[in-house]
Amino acid sequence: NLASTFGLESILAKGDRAPSILNGGLSNVWASGVLVMSILIAGYLEGKAMNDGEIFWGADKPKDYIPGNYGFDPLNLLKARGNALSMQTAEI
């Protein structure tokens, strides 16, 4: 594996499995730390954008802004039932 090539300790779980909660791989301090820091940074950036009224840096939030809606609906599922509000509520 790549870690042994550079003489580092592997972060893989026992049996060279990918880290996950079910196989005990996330008990590794490094993997847990990266996960927690990623969540904290993403939460901070999202909270800052929402509090400042910006979606992205330098952009104004439109009046019909819905958090998490990026307009990606290639199968047109939002309008499939005819009522967009019921589909948005079902996502929650």
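Colleague: What makes Leu40 exposed rather than buried?

Modeller: Exposed means over 50% relative accessible area. Leu40 has 52%, so Leu40 counts as exposed.

Colleague: Where is Leu40 found?

Modeller: Leu40 is found in helix H2. Leu40 also belongs to a nonpolar patch on the surface.

Colleague: What makes the group with Leu40 a nonpolar patch?

Modeller: A patch takes residues with over 30% relative accessible area and no salt bridge, with nonpolar side chains joined within 5 Å. Val36, Met37, Leu40, Ile41, Tyr44 and Leu45 form such a patch. Together they have about 600 Å² of accessible area.

Colleague: How much of the protein chain is buried?

Modeller: Buried means under 20% relative accessible area. Of the 92 residues, 8% count as buried. The accessible surface of the chain comes to about 8000 Å². Carbon and sulfur atoms hold 63% of that surface.

Colleague: What share of contacts joins residues at least 24 apart?

Modeller: Among contacts between residues at least 6 apart in sequence, 0% do.

Colleague: Which elements have the lowest and the highest mean pLDDT?

Modeller: Helix H3, residues 84–91, has the lowest, at 74. Helix H2, residues 29–52, has the highest, at 84. The chain averages 75, and 74% of the residues score at least 70. Where pLDDT is low, the predicted coordinates should not be read in detail.

How values were computed:
Residues are numbered from 1 along each chain as its sequence is written. This is a predicted model: local features need pLDDT of at least 70, side-chain atom pairs count only at pLDDT 80 or more; totals for chains, interfaces and linings use all residues. Side-chain values use heavy atoms; hydrogens and water are left out. pLDDT is the predictor's confidence in each residue, from 0 to 100. Helices (H or I, at least four residues) and strands (E, at least two) are DSSP runs, numbered from the N terminus. Buried means under 20% relative accessible area, exposed over 50%, partly exposed in between (1.4 Å probe, protein chains only). Contact means heavy atoms within 4.5 Å. Accessible areas come from the Shrake-Rupley method with a 1.4 Å probe; for residues, only the protein chains shown count as cover. Patches are made of residues with over 30% relative accessible area and no salt bridge: like charges are joined within 9 Å, nonpolar side chains (Val, Leu, Ile, Met, Phe, Trp, Tyr) within 5 Å. A salt bridge is a side-chain nitrogen of Lys or Arg within 4 Å of a carboxyl oxygen of Asp or Glu.
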